[in-house]
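Reader: I am new to this structure and would like to understand what lies behind the words used for it. Could you show it to me and then take my questions in turn?

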Amino acid sequence: MGYDSSATRARLLEAAHEEFVAHGLAGARVERIAKNAPANKQAIYAYFGSKDALFDAVLEARVRVLADVVPFTPDDLATYAGALFDAFVADPDLIRLTQWKTLERPEASTAELEAHLSKAQAVADAHGTDLETGMDALMIALAAAQAWLFTPPAIRNPTDDDETARLKRHRAAVVASVDALAGRLMPGD
């Protein structure tokens, strides 16, 4: 049986995802990633070049999955925010990974900047407004979709309600908030 480099790369990405979610970029250890892959440390450098580049690859892969799961609807940001909320509930590690990225690497990559500018321009075009207003509306939708999940569980559920009912209420609040706030920014909405 031959060596499967694509399988090794996939195992490294999965092990790195778990490591970065748990420890962030600074706290992640290449040795643990290799051990959990299982692979040798040199494979990380051969495939990715550095721990930083591996972190970037994990982020890119997870964001790509999110983009595939949640279709972008620039003409209906409230629906988009609700779908994002659902995706974040289904994969809370994505929120944690995003928090680590924001804390440890607050600058935007070229790809990240281009993606946000493209989406903001699509929002602006869909609503007949300018790029800055489109970006404001997009950021409101993104922030609202994540807000409850950034909040400690005891605060977001002070009455200890049933989780399914609570998530349904939170989702409805996200959708209504984005509809109201983003809609106020857009002329004619």
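Reader: What percentage of the residues in the protein is buried?

Author: Of the 189 residues in the protein, 35% are buried, a word that stands for under 20% relative accessible area, with exposed meaning over 50% and partly exposed in between (1.4 Å probe, protein chains only). This is a predicted model, in which local features need pLDDT of at least 70 and side-chain atom pairs count only at pLDDT 80 or more, while totals for chains, interfaces and linings use all residues. Residues are numbered from 1 along each chain as its sequence is written, and side-chain values use heavy atoms, with hydrogens and water left out.

Reader: Why is Val 21 called buried?

Author: Val 21 has a relative accessible area of 7%, and the limit for buried is under 20%, so Val 21 is buried.

Reader: What does Val 21 touch, and how do you know that these are contacts?

Author: A contact means heavy atoms within 4.5 Å; leaving aside residues up to four places away in sequence, Val 21 touches Asp 93, Arg 96, Leu 97 and Trp 100. Val 21 and Gln 99 are 78 residues apart in sequence, and their C-alpha atoms are 9.1 Å apart in space.

Reader: Where is Val 21 found, and what makes that element a helix?

Author: Val 21 is found in helix H1, which covers residues 5-27; helices (H or I, at least four residues) and strands (E, at least two) are DSSP runs, numbered from the N terminus. The protein has 10 helices and zero strands.
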